[in-house]
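Q: Please take a close look at the aromatic side chains in this model.

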Amino acid sequence: MIRPVFLWVFLGVFANIAMPAHSSDNALSHASAFLARATFGPSMEEIETLAASGDYSQWLDNQFSLPQSSHYQWIRANLPGIGWMTATDVVQTAWRDAWWDIAVNGDDQLRQRVAFALSEIFVVSLFGPLINKPDGLTVYYDTLASNAFGNFRDLLGAVSRSPMMGAYLSYLGNAKANPVTGSRPDENYARELMQLFSIGLYQLNPDGSRKTDAGGNPVPTYTQADIQEMARVFTGWTDDDGGFFPDEGHITHHARITPMVPVEDYHDTGEKQLSRVLGVNVPAGLTAQQELDFVLDRLFQHPNIGPFIGRQLIQRLVTSNPSPAYISRVAAAFDDNGSGIRGDMKAVIRAVLLDPEALSGRQGNAISFGKVREPLLFITHLWRAFHAANGLHKRGWNDEYEYRSFNFQYVRSFLQQNAPLEALTVFNWFTPDDGPSELVNDGLVAPEMTILGIEGLHHLMMSLVHQTYTYEVHNMTASLDVSQELALLQAGSHEQLLERLNVLLMAGSMSGEMKQLLLDYLNNHSSTAPDTLVRNLISLVVTSSEYAVQR
């Protein structure tokens, strides 16, 4: 194995955004860039097919029509008869195996890629009260995927009734105030529903900029008093297991995967003073379900949701620093899909991925366009690009289950981002306005850079390409097919080989300087075994700071 020749200071990752792409921006490069945003990473065959048609809108239509891959059904198929409540470690491993298999091999790439983005907005995590509930987490992720192409209002409702969200943000078994004991409703979900899942902290203009008062100060969307009133709304909900409080009775697999149910005796039916947030107060006398619908309906109509959620979807899929005009166009699609429907996720996804700034941003704004790849997306891109083949692995206390998987487990020593739904807090691994101070001071953000331990990631990526140290320690199986690249190398077609990697991995954005360095490397190491040299070359690309920025 080699050490990367591009050991640039990692803050140079975003500095390199300013470097112009010297390769021609042809149909293949454009298709590759689009697919890198809309999937977990394209193969050359997918790039060539899309480039030949040139119809990105039809590609979206095709993806919208595909059936959903279910992680829960994947586990049921590969762990037949599993004891969901007694074999949580086995199920947790299978959930990771299912995610990697579907991310790399699943046909419904767009749905799954959007679900991953949504999982970083509507955060629940294995860490905390869900530590032994991998079955519920699996169904929660599938719920995000099933609502990815639906309506945002339905997504809000599904998240709000999820027992995983209820347990994670502690409103499962949340009772109305008791004046005798002095207890008050838990405020967790009331706060995060507004702050993170719908309207944000400050009133926004359609372009995502903050509204200000006469003194130039941002205008808050809610106060602590509003949180306390909203907390009263989320009382009376519990899992479908027969008892109200979490410690009553035995929590079942059914309860973990089934939407929460209301228990009216514990619901606060009084009027809630929420006119500041909702425009009207919540009237007295509503049932728990009626009140939930009333509040979610009015939050859904709040003018903040389009720019607030739209900006985050742009950041997760396309670029960390979208222009106000880009945000405004996506917000407009959220407000009206063209047929008078608000919250149509298909229309929002179209607006995000087909916006002129998305399709030509790196030509129009080379300084700020692009996003740093997340660690998980480094790996899915690599494995999809080179058709990684998984292998048979045994699971269970007595190895009673056997199925094909990549066995990508327990690499937290290399990555902070080890698997979906494993962020340390409800704020995800990073927040939309995160970034190194050097960038933030210049008005730019790079959220993913706050979690990247680049040396560990470089080590992992080279191990994955060469199938060496990391494989030996963790017994992974992800054999890369580099036969096409090897054939070009052995034919002496160095320029064609570099251009293939440029299109496949970097969507044609490789700088002339980088290309020359790689060409020199090939010419200076002609005595190296061909397979090793090809893998060295791929390693140099995926550990470079230019590759680290998806453009």
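Is Phe-378 buried or exposed, and what is its relative accessible area?

A: This is a predicted model, in which local features need pLDDT of at least 70 and side-chain atom pairs count only at pLDDT 80 or more, while totals for chains, interfaces and linings use all residues. Residues are numbered from 1 along each chain as its sequence is written, and side-chain values use heavy atoms, with hydrogens and water left out.

Phe-378 is buried, with a relative accessible area of 1% (buried means under 20%, exposed over 50%, partly exposed in between, with a 1.4 Å probe and protein chains only). Phe-378 forms an aromatic pair with Tyr-547, edge-to-face, at 5.4 Å centre to centre and 70 degrees between the planes. Rings of Phe, Tyr and Trp (its six-membered ring) pair if their centres lie within 6.5 Å; planes under 30 degrees apart count as stacked, over 60 as edge-to-face and the rest as tilted. Because Phe-378 belongs to helix α20 (residues 375-385) and Tyr-547 to helix α28 (residues 545-548), the pair ties together parts that are 169 residues apart in sequence. Helices here are DSSP runs (H or I, at least four residues), as are strands (E, at least two), numbered from the N terminus.

Tyr-547 is also buried, at 0% relative accessibility. Over the ring of Tyr-547 sits the charged end of Arg-373, 4.1 Å from the ring centre; the criterion is NZ of Lys or CZ of Arg within 6 Å of the ring centre and within 35 degrees of the ring normal.

In the whole structure, the search finds 26 aromatic pairs. Another edge-to-face pair joins Phe-245 and Tyr-266, at 5.2 Å centre to centre and 80 degrees between the planes.
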